[in-house]
Amino acid sequence: MSDNRNIAEYKSKEKKTNWKLLYLIVFLFLVLQIIFYYFITKHFQ
Amino acid sequence: MSYQDWIVLIITLGGIIIYGVYKSKTTKNLDGYFLSNRDMPWYLVVLSIMGTQASAITFISAPGQAYTDGMRFVQYYFGLPLAMIVICIVFVPVFNKLKVYTAYEFLETRFDLKARTLTSFLFQISRGLSTGISIYAPSLILSSLLGWNIYYTNIIMGGMLIIYTVTGGAKAVAHTQKLQLVIVFVGMAIAGYLVVHLMPSGVGFLDALHLGGKNGKMNIITSGRTANGFDWKDKYNIWSGVIGGFFLALSYFGTDQSQVGRYLTAKNNKQSKLGLLMNGIVKVPMQFLILMLGVLVFSFYQYNKAPIHFNETQTERAKETSYKNQLVHLETEYASLAPDDNADKSELKNKYSAVLSQALPSEDVNDTNYIFLRFVIDYLPKGLVGLLIAIIFLAAWGSIAAALNSLASCTVVDIHKKYFKKDLSESEDYRISKFYTFCWGIFCILVAEFASNLGNSLIETVNILGSLFYGVILGIFLIAFWFKYIKANALFVSAIISEIFIIIIYNANVISFLWLNVIGAILVIVIGYLLQPFVKTEKKIA
């Protein structure tokens, strides 16, 4: 019984999504874009 | 339009309607009709979110916006990814946990019925009017360019999608949006490729961007600073985009039922959040590319004669007045200029617009929204014109269908079942839902039929309308989540006072509309705090 519970807990942890990492990716992607657009502005204007 | 264009147009639109009706099989209850049984995977959620936000106005107006004002409009979307993160953390878990049909159901739990009703009412007014504009705006442009009757165009634009929206509800909306978006993106990519292909030999994509840059169109990042300090009336700069755009996106995606309804269709929290985050990643580059299309069209017209006024039907009407000779004289002068003599061209365009205004005093003479479609009709091959026109319809349908579904869900759940008939069977729920979807479709078409001059760029008009209401609605939700001190009665009075203030500030024209979202939200919270000691408290927080 305790083996089954451990397996279930392990599986639920394994499937857990790392939301903080995803939020960080979205945030950093925005920052990188802004930097990229800034350099494009400077280059073409 | 050639017969090839008509064939492509009819097949594309007819195909979407048939596909939507085919996908109409849904459970015949509220869950099935409004939330597609909450079974959508994240990729359908993100396509639905994008299809709802990107209306025809996005694809007609944005390239024209870049042609006249440069690419700085993209900054308006910088706050969106940040808003997606906040919504994932705060809004999604609450909505999913309570298993709500509408975003405003939650407010009754937190405050009382009148708070819920007021907020739902504010949403229905703003979304109903916006949807009417979303029908009217592309119809006006198409009818003008192609010589179609505006009233019939409104009916086709708003009426035909009622067929699959009424029968199929949220499921039909989501699946047709998926197909619509694919067709739209393919069509815009083809247009982008062709505009570069049509440049003189030796002029490539980067050359075109350099040319646009020399003329100030590659102004993607702007600071809003002038010699006199920060310009609060400057519409698009990085600060109004990140801050004002953040509040606008937070309100639109967090509290507007037309978007909340999209991610409530997801299987679970995870699929909702993934859909929202993916939207946060894709949206800004997508808008960047659409705007860049406008810059490429500008560069194209440095090698080819641009019309002095892109709305030819309007100039023909003006030439039937006593101003004909003045207009012809200006056109002759304009035709003698080199295509890249932008300074003189701009001066003559302004004079021409002034004469047009005198000749047609009741009409809006701004031609920003006609630039891209004029280019498509004049220069793209047969068949592709039909595809691009179809894309205008599809983009409009995607957003209007979602709006109708959301308006009907609010009317049924927030109003009808609360005030008129509380206990309905599943089949009665289903029948009344279809009825209200149909009614809202007719209402929005009527708004379109009675709409007249809308001012400048249509994409601005829709966002101005949103900014008049979104700030207050967002403030209500922020109080609900984070300001437990403020109770129902104080919130109700505060919301009404704040909305009045916002309308006054807008009419005073002292600040750019994007900031109204911030001001509205803050006003509701501050006034709520000030009123709370003096207002009778009724209900405890749930």
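Is B:Ala390 buried or exposed? I looked this up before anything else. B:Ala390 counts as buried because it has 23 C-beta neighbours inside 10 Å. I noted the cut-offs: a residue is buried with 20 or more other C-beta atoms within 10 Å of its own, exposed with 12 or fewer, and partly exposed in between, with C-beta atoms placed from the backbone.

**Ground rules**

I am reading a predicted model, where local features need pLDDT of at least 70, side-chain atom pairs count only at pLDDT 80 or more, and totals for chains, interfaces and linings use all residues. Residues are numbered from 1 along each chain as its sequence is written, while chains are lettered from A and ligands numbered from 1 in the order in which they are written.

**Confidence**

I checked pLDDT, the predictor's confidence in each residue, from 0 to 100. Chain B has a mean pLDDT of 88, and 97% of its residues reach 70 or more. Within chain B, helix α2 (residues 30–35) has the lowest confidence, at a mean of 81, and α12(B) the highest, at 95. For the complex, the predictor gives an ipTM of 0.85 and a pTM of 0.86.

**Back to B:Ala390**

I placed B:Ala390 in helix α17 of chain B. Helices here are DSSP runs (H or I, at least four residues), strands are runs of E (at least two), and both are numbered from the N terminus. Not counting residues up to four places away in sequence, B:Ala390 touches B:Val8, B:Leu9, B:Thr12 and B:Leu13. Contact means that the C-beta atoms of two residues, placed from the backbone, lie within 7 Å. B:Thr12 is 378 residues from B:Ala390 in sequence, yet 6.6 Å from it in space, C-alpha to C-alpha.

**Cores**

I then looked for nonpolar cores (buried Ala, Val, Leu, Ile, Met, Phe, Trp, Tyr and Cys residues joined through C-beta atoms within 7 Å). The largest has 173 residues, and B:Phe59, B:Val297 and B:Ile476 are among those with the most contacts inside it. Helix α17 (residues 384–420) of chain B gives the largest share of this core, 22 residues. Apart from this core lies another, of nine residues, including B:Ile308 and B:Leu356. I also listed partners of B:Val297 beyond four places in sequence, and they include B:Pro63, B:Tyr67 and B:Phe372.

**Domains of chain B**

The assignment, automatic or from a database, gives domain 1 (3–302 + 378–416 + 431–448) and domain 2 (312–366). Their C-alpha centres lie 33 Å apart. Five residues from domain 1 and five residues from domain 2 make the contact.

**Where the chains meet**

Chain A has two helices and zero strands. Buried residues make up 9% of its 45 residues. I found 17 residues of chain B in contact with 16 residues of chain A. On the chain B side, α5 (80–98), α9 (205–214) and α12 (269–300) each supply at least two residues. The largest share of that side, six residues, comes from α12(B).

**A look at α9(B)**

Which residues of α9(B) are buried? They are B:Ala208, B:Leu209, B:Leu211, B:Gly212 and B:Gly213. Their cover includes α2 (19–44) of chain A, together with α8 (150–197) and α12 of chain B. Just after α9(B), I saw that B:Gly216 takes a positive phi of about 80 degrees.
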